[in-house]
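Hi everyone, thanks for making the time. Let's have a look at the model together.

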Amino acid sequence: MFADLPILSLLIWVPIIGGLLVMLAGSGRSGLEAKVLALLVSLLTFAISLPLFFGFDSSTAAMQFNEFKPWIAAFGINYHLGVDGISMPLIVLTTFTTVLVVIAGWEVIKNKPAQYMAAFLIMEGLMIGVFSALDAMLFYVFWEAMLIPMFIVIGIWGGDNRVYATIKFFLYTFLGSVFMLIALLWLYGQADSFAILDFHALPISATAQIWIFLAFLVAFAVKVPMWPVHTWLPDAHVQAPTGGSVILAAIMLKLGAYGFLRFSLPITPDASQSLDWLMIGLSLIAIAYIGFVALVQRDMKKLIAYSSIAHMGFVTLGFFIPWMIAANNGGSFAGAAMGISGGMVQMIAHGFVSAAMFLCVGVMYDRMHSREINDYGGVVHVMPKFAGFMVLFAMANAGLPSTAGFVGEFMVILAAFKANFWIAFVAATTLILGAAYTLWMVKRVIYGEIVNEKVAALKDINAREFLILAVLAFMVLLLGVWPAPLLEVMDLTVQQLVEHISVSKIPAGAM
Amino acid sequence: MNFEMPNFALAMPEMFVLGMTCFILMVDMFLSERSRVVTYLLAQATLVGAFILSLSLFSPLRELSFSNTFVLDPMASLLKLAVYAVVFTVFLYTRSYLRDRNMYTGEFYVLALFGVLGMMVMISAHSFLTLYLGLELLSLSMYAMVALQRDNRVASEAAMKYFLLGAMASAMLLYGMSMLYGVTGSLDLGEVSQVIAEGEINRLLLVFGLVFMLVGVAFKLGAVPFHMWVPDVYHGAPTAVTQFISTAPKLAAFALLIRLLVDGLGGLQHEWHDILVLLAVLSLSVGNVIAIAQSNIKRMLAYSGISHAGFLLLGVLSGTPEGYAAGMFYAIVYSIMGLAGFGMVLLMSRVGFEADALEDYKGLNQRSPWFALMMMFIMFSMAGVPPFIGFWAKLSVLQAIVSVDLIWLAAVAVIFSVIGAYYYLRVIKLMYFDAPETTTALQPGRELSMVFSANALLILGMGIFPSALMALCLQAFVL
């Protein structure tokens, strides 16, 4: 039924063009027309993404919903779109989250609401472009262009130190991605094409693979972010408005991890193998060390930002564990798929959970204009409904079974056990650390006596906020008890990826 | 004596511009202040006419004329078309600026058109003599244009500096040419290249000549370490003149580079390659780093221009036809962005207020969101962020150097462009994140705001569809 429509193009361009219209419609002081239009555009985009999910054929690992048009003949760059089991769920996550962000910013954003909404819509289109691009240069264009609206969002609507945070964010990510650009140009010289799938099939010598891997690593590690290039994230998160934090945590961080799956692993499998100790080491540092850092935060947003870094550590751990598993099991890659799938599930779950956590902090910040844990206490007495949601999301963040946060972590830890007991051991400390920093925060903020008059005067969440949090709570629980549809969608793609990376790409006779 | 009749048809655009300019010079004398618009329209008509003539002469062939001193090839045609278009846009931009400041005189247009003629001669030169002739015609016009506001002390100082340093650079260039003439016995670029290819002459003398010539060329391009004049002249000159000298002459300077190094001294590629690497790296580093320290937007754009010259050199030094095409693409793209960048300064200025301090851009998003958005496009394009055209220019240059395995150079270039991104971001920060000092909206004339908007939207539009211009540039070098 939907086969004839260019669904991916619609998903990219409807929000971008809609965003431009919203910007033009935003002359009114309250910006009500602009907000309504933005909501309609985001809902429409979400609706367009549904056939992508339900029409997805999970019996093949090939690219689906392909679109192909020559774009820049001089360089052989094509407008080539398509999705597989890895990118499709992320696109749906994007369209879903953007609707929430638009609703979340409804009454809160007083300064130039039209530009705010427009920036998020344009960002949505660009992020979908990143996930669906099958041409490396098209990917790069979306990847970089996405920085522009985020730069503006943090810079205009952010907190007191927003200018520092946003410039740091931009320059960090820009620096990371320019090295990827050079790697892509080198690959173009070898493959005489910018098609990502051609890059996958290209034999590359071991030394060149290492260099390309490192160039990709700079780009993606900054985005994920991995320790030690994570320092932009707490700044950006703390200063960004709630919507900006949600998009950053729920989707932008996933772009880096997606880059590992789409570029690093399949293009440079041998370098990934020889450097997997590095990746696993950095992931474990992110999980354990950053967990401790999160423990001592006084600012709620900063705490959640650090917990995001720790959770993303699980994702990268899952992606780079296959070779250790093979080495430990006599060369068999059985079980490797579980690590990668676990990382994927963790990405989606973290998208919901971190979005929910940032929205919760946003709800409190809108009332109190403070993110300091010390300013709160006893919120449950005045905001019982809100407290219920917050506790649920905190449990999910800590990885409680039957919530979304558990599934991915559990799969990755299981895979890690197949590789090495001590890796699994360090990774499993997150179950303690995560519980410690999240629940301790909840204890101090939600429970206890009411600490001051400001807290006593708090009003519980209104219908709009209730709706957003309820939808997220539903998703968090659904994914926790019934992750099967998600796993099924990505199953064959991940299988194929594991098969692909288990074969060396070093040309015969060369070392 | 065997006198061959030259093929005049090839130089029709040059002859047309010369004739028209002399005509305008005379007509203008009889015009009153109020009917000055006639001069303006005639100048624009000259450019349109030359555009049509050059377009009709466009052919993929390479033809020589005037005893091999004049060449018309696809590169020449394309660059000339670009020069007409750029200067046409400059005239559109600057009319109200000139009128408000008592500079709306025939001299401006006549000098600019003589400059255009100089550029055309340079672009089509096939002999040291024509090259030098065109260069001097252009330079002398530009010196005079900078000094057009006689009573303005800063402008006069800038003109003086420009003239003294420029004369020095020309002398260096001429000295280098004389050395090459001495060794090769010819002024004809084709013959020079042939003699060098035969390889029977003193290489040391050739290299000496090359170095002197490169000093002259680097000066015209504004490449470090011969860049000292750029910020002072860009800053001191009236903004209308700055817009002119920062855009079209870069196209001619690119032609100068190609004519000398590729057409004439292609045999010395090994030697000039290393020199250009040095010039490029210095330009990228000095241009981008010092731009950060500027508080005046015209000076900032001047240093940014220096770093762009570095990028342009990267394309040429790759030594491949694709690299030359990338360099030409870069030059054209830069002139489009330069037009818009200085166009913004023109747009912001009023009589008695030049709007050239960065502070003046504070809070522009509150005052005039549309113009702030357009300026944001320009800044991101200059920083090389997609989807704007500046990204594709950088990409094609980088591709050219990566394809000849100069990956370290590509890495240096991208690192400095990240450093450079900082000062472009700062302009955006001022416009979007800071509070304005006044709340009045900008009120530029309709003509000016339309040209500016079209220019900035072109930067976005060509960024989304860069294919056509890229293909044209490529065709000029790769057949």
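Chain B of this predicted model has an average pLDDT of 90, with 99% of its residues scoring at least 70; pLDDT is the predictor's confidence in each residue, from 0 to 100. For the model, ipTM is 0.89 and pTM is 0.91.

A word on conventions: residues count from 1 along each chain as its sequence is written, while chains are lettered from A and ligands numbered from 1 in written order. Local features need pLDDT of at least 70, side-chain atom pairs count only at 80 or more, totals for chains, interfaces and linings use all residues, and side-chain values use heavy atoms, without hydrogens or water.

Now the helices, which are DSSP runs of H or I, at least four residues, numbered from the N terminus. Axes are lines fitted to C-alpha atoms over the stretch in contact, with angles from 0 to 180 degrees between N-to-C directions. Helix α3(B), residues 74-100, packs on α13(B), residues 321-348, at about 0° with the axes 11 Å apart. So α3(B) is roughly parallel to α13(B), the term for angles under 35 degrees.

What about α10(B), residues 239-264? Its axis comes within 8 Å of that of α13(B), crossing at roughly 170°. That makes α10(B) roughly antiparallel to α13(B), meaning over 145 degrees.

Finally, how many residues of chain B are in contact with chain A? It's 41, against 34 residues of chain A, where contact means heavy atoms within 4.5 Å. Between the two chains there are zero salt bridges (a side-chain nitrogen of Lys or Arg within 4 Å of a carboxyl oxygen of Asp or Glu).

Notes
Helices (H or I, at least four residues) and strands (E, at least two) are DSSP runs, numbered from the N terminus. Angles under 35 degrees count as roughly parallel, over 145 as roughly antiparallel, 65 to 115 as roughly perpendicular and the rest as oblique.
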